[in-house]
Amino acid sequence: MNSAWEIEGFLQIKNGVLHIDGVSTIRIAEKHDTPVFVFSEKRTENNINRLLKIGDVIDCRVKVCYAAKANSHKRILETVRNAGSDIEVNSGGELKMALDAGFVPEQIIFNGNSKTEKELAAAIEAGIYAIQSDSFYELELTEKVARNLGKRANVSLRLVPEIESETLHGLQTALLTSKFGMMPEEALDAFRRWSPDDAFMNLCGIHLHIGSQNPKSEPYSQAFLALFQNLVKIFQETGHRLEHLNLGGGFPVNYLRDDSNAADMPPSQKELFAADLEPSEVVRTAWEIVKNSAAEADAIKLLDDITLLVEPGRSIIADAGICLTKVRNKKERPIRTENRKPETQGPALSRDTWLLTDAGFNILLSMETYKWYYHLVSAARAGDVHATPYKVAGPLCDGGDVYFDIEGKNRLPDYRLLPENIEVGDVLALFNCGAYSVSQMFPYNGRELPEIVFTNEFKAL
């Protein structure tokens, strides 16, 4: 019987051992020690192909722009480029990484809410597809830099249209309380100020992003419709005919394919981590709503030459990466009487068994900042029943470096379920670790950062 988290040809159990792309995770851990991040280029390509299908279901041009912030490792960027994706960057550093990885300027868009003159100059000099401007001040700064360079800047305006989704509050980026974007009225003033034939400012698009890990499709339809309504108003009041609309990203990843820990989460948290939308279906539905609105407003011609941009990051790279970690210490501790409660999988516990690993929040920062859930299995005993509860924690000199919620709000399960008799030296695997891990890790406590390896390296041996 297959485990719920298995994915044919990608994550599978063979002879009881977890394999990724047919390669034994134990073999990887033996060669590289732990912690170590393991990536599948094949899975990354598969995820990009899934997103490129958006272009098959709507009748306009589509640019899939991988959000480099999710993981900017050079080999990942090269894999993404070779698979047919363009790219979204968020700093001058990421812009350089994109160019070094072989992306051409026409493939690059540049987000960010605090761009420097140096970064703007680099983007304008390169002639990238669009600088996503975050404020009226930044528009004026962009014009200044473009004028000094004697070059025309391609600019898209990021709007904040007050669209709420059901993701975590800190991941919502289309609300007035968010730090991103400008009000639609400000954007309209910008289109009035800079004419379509301005020598230094080519205002060619508008952009919004509703946030990450959105569990429902409706906010995307609201966002696409808001973009279209602003497109119409901009044309009618300023004469600007836009070249592109940017819907942002945020398509979710199913972190709870195996829901054994789900009973210990609040319903909203469970819904968030189990979200599993199909991007092409989400955009197709939204496109139909936009086209119907365009027909009613007699504005369908404004969509004739439009290019739709999407900026997925998590949905491309999250499930393509796993983290292997080793149990380095084990101990037991009595449970304080007031904290004893029946466990989902069995009777109330009187003692906790603690497993201390070598993977802390310095390499999986979202587990601390957003209480993010990464499913945990035994790599060597992946086929065994995972029903024994353990307290699991990392190696850092920080009381918050744990795989549960120390505030007691159950945003993460109190215990992780693994096979019985897990011992020091056993290798464990954390799934869906490809996004916002490698790009955010840092050497706290002077710890060496883990190696990043790819399954193709082992297949070639």
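Guide: Welcome! In this predicted model, helix 7 and helix 8 (residues 184–193) have axes that come within 10 Å and cross at roughly 25°.

Visitor: What makes helix 7 roughly parallel to helix 8?

Guide: Angles under 35 degrees count as roughly parallel. The axes cross at roughly 25°, so helix 7 is roughly parallel to helix 8.

Visitor: Which residues of helix 7 and helix 8 meet?

Guide: From helix 7 come Phe 136, Leu 139, Glu 140 and Glu 143, and they meet Glu 186, Asp 189, Ala 190 and Arg 193 in helix 8. This contact holds three nonpolar, no polar and five charged residues.

Visitor: And how do helix 6 and helix 7 cross?

Guide: The axes of helix 6 (residues 117–126) and helix 7 (residues 136–149) come within 9 Å, crossing at roughly 55°.

Visitor: Why is helix 6 called oblique to helix 7?

Guide: Roughly parallel needs an angle under 35 degrees, and roughly perpendicular starts at 65. The angle here is roughly 55°, so helix 6 counts as oblique to helix 7. The crossing of the two is right-handed.

Visitor: Let's turn to the aromatic rings. How many aromatic pairs does the whole structure have?

Guide: A search finds 13. In one of them, Trp 354 and Phe 404 lie 5.9 Å apart, centre to centre, with 70° between the planes.

Visitor: How do you know whether Trp 354 is buried or exposed?

Guide: Buried means under 20% relative accessible area. Trp 354 has 14%, so Trp 354 is buried. Phe 404 has 9%, so Phe 404 counts as buried too.

Visitor: Why is the pair of Phe 361 and Tyr 444 called stacked?

Guide: Planes under 30 degrees apart count as stacked. The planes of Phe 361 and Tyr 444 are at 15°, with centres 6.3 Å apart, so this pair is stacked.

Visitor: What makes Tyr 444 partly exposed?

Guide: Partly exposed lies between the 20% limit for buried and the 50% limit for exposed. Tyr 444 has 30% relative accessibility, so Tyr 444 is partly exposed. Phe 361, with 10%, is buried.

Methods
Residues numbered from 1 in each chain as written. Predicted model: local features only at pLDDT ≥ 70, side-chain atom pairs only at ≥ 80, totals over all residues. Heavy atoms only, no water. Axes fitted to C-alpha atoms, helices over the stretch in contact; angles between N-to-C directions. Helix = DSSP H or I, 4+ residues; strand = E, 2+ residues; numbered from the N terminus. Parallel < 35°, antiparallel > 145°, perpendicular 65-115°, else oblique. Left-handed = near helix turned anticlockwise from the far one by under 90°. Phe/Tyr/Trp six-rings, centres within 6.5 Å; stacked < 30°, edge-to-face > 60°. Buried < 20%, exposed > 50% of the residue type's maximum accessible area, 1.4 Å probe, protein only. Contact = heavy atoms within 4.5 Å. Nonpolar A, V, L, I, M, F, W, Y, C, P; charged D, E, K, R; others polar.
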